[in-house]
Amino acid sequence: MNSFVDIPAMVAACRAACGKVYLVGAGPGDPDLLTLRAARLLAHADVVVYDHLVGPGVLELIGADVERVYVGKERSRHSVPQEGINTMLVRLAREGRSVVRLKGGDPFVFGRGGEELQVLAAEGVPFEVVPGITAACGVSSYAGIPLTHRDHAQSCTFVTGHLKDGSCNLDWPALARPRQTVVIYMGLSGLPDICAQLVANGLPADWPAAVVANGTLESQQVVCATLATLAAAVAREGLASPCLTIVGEVVKLRDELVWRAEADGARTTATTSNNTAQV
Ligand code: SAH
């Protein structure tokens, strides 16, 4: 009797029986910003596992027969803890299903996409990645604020204003250098501290800065101000998450380049250093 066991063939057979996880970026909200690949996968997957930041218009593109699993992930209010999401993805794929793991923006930009893929890789679950438009790019475009401009910013830095332990311990001297744009994700609750640190580390108090809430959606709101006035202006306008902060001279270009009217009820505020101008 031949007791030889063909391990590679067995692994290949297991792989073939296993489904696949597609880590897909949903973009910043407007469904028209989705990639064609993402739209096709949403229509034909077996199951879509999605976060709270995925826009409602994107969810409408999920096929009628496709199972949906909401795993939340608002700050401090995770409906399913990260380990639970990881286990779920492995289990669904091992059931032989085609799984879309749908995340806001781009899955590799402050999206824990890398962490989820590390688990899949360790478990031998096949996966693919479909990029999405990250909030910095989508939101700045719809707000009329170019992230770079030869007269104002030769580089652009994306940072998160919210670390795992709740603190906001950034490289302030590097972020406070001129001729760059700094984009801060998840920085709403720390906004007063972020603005104060940038000024304490050398940027002028009247340096342009903006916060965009619900960027690319009908409900988009933009507040333009200065580092000295931004936090108060944002509080006054009642902006709520998701909010993206853009700091740099490029913010001033919005006066010339704004192309999208904000919806009724959503105001655009241009606050100069003395807090007077409104558009
Ligand atoms: N992976 C995502 C980022 C997830 S972190 C991406 O690539 O865009 C979540 C943060 O992204 C939010 O706190 C907010 O700072 C930003 N964000 C995402 N969508 C946004 C939107 N439509 N408008 C403003 N900010 C947004």
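Student: In which loop is the place of Phe110?
Tutor: This is a predicted model. Phi of Phe110 is near 50°, a positive value in a residue other than glycine. As for its place, Phe110 is in the loop between β4 (98-103) and α5.

Student: Which residues are closest to the ligand?
Tutor: The ligand is surrounded by 23 residues. By class, this shell has 12 nonpolar, 9 polar and 2 charged residues. The closest are Gly105, Gly111, Thr134, Ala135 and Gly215.

Student: Which helix and which strand each supply at least two residues of the shell around the ligand?
Tutor: The helix covers 135-143 and the strand covers 243-247. Each gives at least two residues to the shell. They are α6 and β10.

Student: Why does the ligand lie between domain 1 and domain 2?
Tutor: Look at who gives residues to the shell. Domain 1 spans 7-130, and domain 2 spans 135-270. The ligand lies between them because residues of the shell come from both domain 1 and domain 2.

Student: Is α4 parallel, antiparallel, perpendicular or oblique to α5?
Tutor: Two packed helices are described by the angle and the distance between their axes. The axes of α4 (residues 82-94) and α5 (residues 113-123) come within 10 Å and cross at roughly 45°. That angle makes α4, relative to α5, oblique.

Student: Is the crossing of α4 and α5 left-handed or right-handed, and which α5 residues does α4 meet?
Tutor: α4 passes α5 in a right-handed crossing. On the α4 side, the residues are Ile85, Asn86, Leu89 and Val90. The contact divides into 5 nonpolar, 1 polar and 2 charged residues. In α5, the partners are Glu116, Val119, Leu120 and Glu123.

Student: Is α8 roughly parallel or roughly antiparallel to α9?
Tutor: The axes of α8 (residues 191-200) and α9 (residues 230-237) come within 8 Å. They cross at roughly 160°. Angles over 145 degrees count as roughly antiparallel. So α8 is, relative to α9, roughly antiparallel.

Student: How many nonpolar residues does the contact of α8 with α9 have?
Tutor: The crossing of α8 and α9 is right-handed. Leu191, Pro192 and Cys195 in α8 meet Leu230, Ala231 and Val234 in α9. The contact has no polar and no charged residues; its nonpolar count is 6.

Key. Residues numbered from 1 in each chain as written. Predicted model: local features only at pLDDT ≥ 70, side-chain atom pairs only at ≥ 80, totals over all residues. Near = placed C-beta within 6 Å. Helix = DSSP H or I, 4+ residues; strand = E, 2+ residues; numbered from the N terminus. Nonpolar A, V, L, I, M, F, W, Y, C, P; charged D, E, K, R; others polar. Domains from an automatic or database assignment. Axes fitted to C-alpha atoms, helices over the stretch in contact; angles between N-to-C directions. Parallel < 35°, antiparallel > 145°, perpendicular 65-115°, else oblique. Left-handed = near helix turned anticlockwise from the far one by under 90°. Contact = placed C-beta atoms within 7 Å.
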